Amino acid sequence: MRKIICLFILGFLVFSCKTDKKNEIDTSNVSIDLKVYRFDIDFYSASETTLPKIKKKYPLLFPHDNDSVWVNKINNKDEQELFIEVQKKYSDIKEQEQKLEALFKHVKYYNQKFVAPVVITMLTNIDYENRVVYNGDFMLISLDCYLGETHEFYNDYPKYIKQNNTANHIIVDAANKIINVQLPPNTERSFVNKMIYEGKKLYLLDRYLPNESDKNKIGYASEKLDWAVNSEEDIWRYFIERDLLYSTDSKLSKRFLDVAPFSKFYSGEDNLSPGRIGAWIGWQIVRSYMQNNDVSLQELLLKKGDEIFKKSKYKPKR
């Protein structure tokens with residue numbers, strides 16, 4: 001019996017190593033041109049006299065020529081306070097630059113046509129919905145949205161939102177914006193296809209950010225991730241027993257796929273669950289598919305959800 005257990009453990013470790021190494025790639029020969037500009041510093045340190053130089057340097061960020069509006073914005077007490085708080089945390093962003101460089105190299109490794117965007121840091125008065133904006137050529141990062149989950153500026157935010165207002169989440173948001181552009185839109189209406197579509201996005205994070213934790217990639221608190229891992233079999237059984245997989249009920253997205261404080265199983269323990277649990281299950285399905293099929297990352301993006309599900313050999317962990 002002891003020998004059998006030892007062999008099982010050895011086999012598990014070997015399998016785990018193979019799974020992990022699929023995401024470990026050598027990007028040392030991948031060349032990218034990283035350009036990062038600190039608009040937040042240049043703008044909020046400017047004056048009426050120096051403003052024309054700033055406008056010339058960043059024409060994209062000045063939609064009109066009314067200088068008085070920009071001067072008032074620079075001198076606004078609340079915005080200057082926000083700028084000071086951002087500088088306390090981000091006077092030096094070398095760590096973020098290194099992570100962005102690694103991200104862009106990983107993206108280019110898998111897609112040779114990718115060109116690193118010009119990165120511009122800025123302040124947006126904590127515009128949470130647009131923390132990172134990406135259009136292929138430029139990536140705008142609002143540093144005031146990443147001051148830390150306990151910062152007083154976020155006191156009115158719910159916990160499930162502000163827990164991702166951290167420096168560690170900048171790179172995840174940046175990667176997600178790139179993924180949203182790369183991944184063809186989902187046209188399938190069934191719940192399982194929607195789960196797998198979200199799972200594709202999270203699997204791309206596995207490849208693009210191999211050193212980031214699952215917790216950071218999906219944006220869960222540690223205890224919520226633990227709940228998901230420990231409850232995987234129960235979650236899957238719930239979906240199966242209620243015939244939800246091929247349901248086209250749009251309410252399922254709100255219950256299990258949208259960002260929320262918890263998922264809605266309509267049980268007394270819902271508050272223990274994280275939101276987006278359907279996306280987390282979709283992630284596990286896609287991971288299983290990639291482990292059991294010889295498919296490139298680019299091929300994965302084009303695969304239909306039904307095919308991925310059928311060939312995934314997915315079995316929830318007990």
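Glu85 is buried, with a relative accessible area of 16%. In this predicted model, Glu85 is the salt-bridge partner of Lys88, and the closest N and O atoms of the pair are 2.8 Å apart. Both residues belong to helix H5 (residues 77-90), where a spacing of three residues places them about one turn of the helix apart.

A search of the whole structure finds 22 salt bridges. Among them is the pair formed by Asp173 and Arg131, with 2.8 Å between the closest N and O atoms. Asp173 is located in helix H8, whereas Arg131 lies in the loop between strand S2 (118-122) and strand S3 (132-134); the pair therefore ties together parts that are 42 residues apart in sequence. Asp173 is buried at 12% relative accessibility, and Arg131 is likewise buried, at 7%. A salt bridge also joins Arg38 to Asp40, with the closest N and O atoms 2.8 Å apart; both of these residues are buried.

Helix H8 (residues 170-182) packs against helix H9 (residues 191-208) at an angle of about 120 degrees, and the two axes are 10 Å apart. This angle makes H8 oblique to H9. The crossing of the two helices is right-handed. On the H8 side, Val172, Ala175, Asn176, Ile179, Asn180 and Gln182 meet Lys201, Leu204, Leu205 and Tyr208 of H9. The residues of this contact comprise six nonpolar, three polar and one charged.

Key: Residues are numbered from 1 along each chain as its sequence is written. This is a predicted model: local features need pLDDT of at least 70, side-chain atom pairs count only at pLDDT 80 or more; totals for chains, interfaces and linings use all residues. Side-chain values use heavy atoms; hydrogens and water are left out. Axes are lines fitted to C-alpha atoms, for helices over the stretch in contact, and angles run from 0 to 180 degrees between N-to-C directions. Helices (H or I, at least four residues) and strands (E, at least two) are DSSP runs, numbered from the N terminus. Angles under 35 degrees count as roughly parallel, over 145 as roughly antiparallel, 65 to 115 as roughly perpendicular and the rest as oblique. A crossing is left-handed if the near helix is turned anticlockwise from the far one by less than a right angle, and right-handed if clockwise. Contact means heavy atoms within 4.5 Å. Ala, Val, Leu, Ile, Met, Phe, Trp, Tyr, Cys and Pro count as nonpolar, Asp, Glu, Lys and Arg as charged, and the others, Gly among them, as polar. A salt bridge is a side-chain nitrogen of Lys or Arg within 4 Å of a carboxyl oxygen of Asp or Glu. Buried means under 20% relative accessible area, exposed over 50%, partly exposed in between (1.4 Å probe, protein chains only).
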